[in-house]
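Hi,

Here is the structure I promised to pass on.

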Amino acid sequence: MEFSVIQMLLNGEGITFKTLRQQLSHCHVRQRTFTGVGFITELEVDATISGLTDKSRIIWGDVLGNIEEIKNGVGFILILENGYLRMLEGYSFGEPWPEQAKLLNLWYEDSTRRKIPEALSSVGISLIENSDLPPTP
């Protein structure tokens, strides 16, 4: 489910989204925590993959979905730190998150236009390696 959600969030044009999709294909789950009404998945990108030049913390999520056993739908937030994919949060709107969540479908919050942070529309890539970055707190 997480991979499908992140793929949809990274559906965009240009070098920024191409770089982030490359990061996705070279990352793994560092840790997954269930909150009762969702989850937080910490991601770690392979140290040889390029990052974005914008090192600010970027948070966005314009993807919603349906999960089996959750009546009111779910939402997702992707977090970038230091130019790299760092975290995906999935949340319900107050309902318990099932132990074995089955994704039924996904859609964009606004079907007429994507809600992409301005920082992502103008950043490039950096050739520094992930291993050169300070550890994520």
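Before the aromatic part, one cut-off: rings of Phe, Tyr and Trp (for Trp, its six-membered ring) pair if their centres lie within 6.5 Å. On that basis, ring pairs tie F39, F76 and W97 together as a cluster. Bear in mind that this is a predicted model.

There are three aromatic pairs in the structure. In one of them, F39 and W97, the ring centres sit 5.4 Å apart with the planes at 70 degrees, so this pair is edge-to-face. F39 belongs to strand β2 while W97 is in the loop between β6 and β7, so the pair links distant parts of the chain, 58 residues apart. F39 counts as buried because its relative accessibility is 3%, and W97 is buried too, at 9%. Y91 and F93 also make an edge-to-face pair, with 5.5 Å from centre to centre and 85 degrees between the planes. Here Y91 is partly exposed at 22% relative accessibility, and F93 is partly exposed at 48%.

Now the sheet. It is open and has six strands, ordered β1-β2-β6-β5-β4-β7, with antiparallel pairing. β1 (27–34) and β7 (103–108) are the edge strands, each with a single partner, so one side of each has no neighbour in the sheet. From one strand to the next, the twist averages 25 degrees.

As for the helices, α1 (residues 2–9) lies across β1, β2, β4, β5, β6 and β7, and runs at about 10 degrees to β7. Helix α2 (residues 14–25) packs on the sheet as well, at about 80 degrees to the direction of β6.

Cheers

Note on methods
Residues numbered from 1 in each chain as written. Predicted model: local features only at pLDDT ≥ 70, side-chain atom pairs only at ≥ 80, totals over all residues. Heavy atoms only, no water. Pairing = 2+ DSSP bridges. Helix = DSSP H or I, 4+ residues; strand = E, 2+ residues; numbered from the N terminus. Axes fitted to C-alpha atoms, helices over the stretch in contact; angles between N-to-C directions. Contact = heavy atoms within 4.5 Å. Phe/Tyr/Trp six-rings, centres within 6.5 Å; stacked < 30°, edge-to-face > 60°. Buried < 20%, exposed > 50% of the residue type's maximum accessible area, 1.4 Å probe, protein only.
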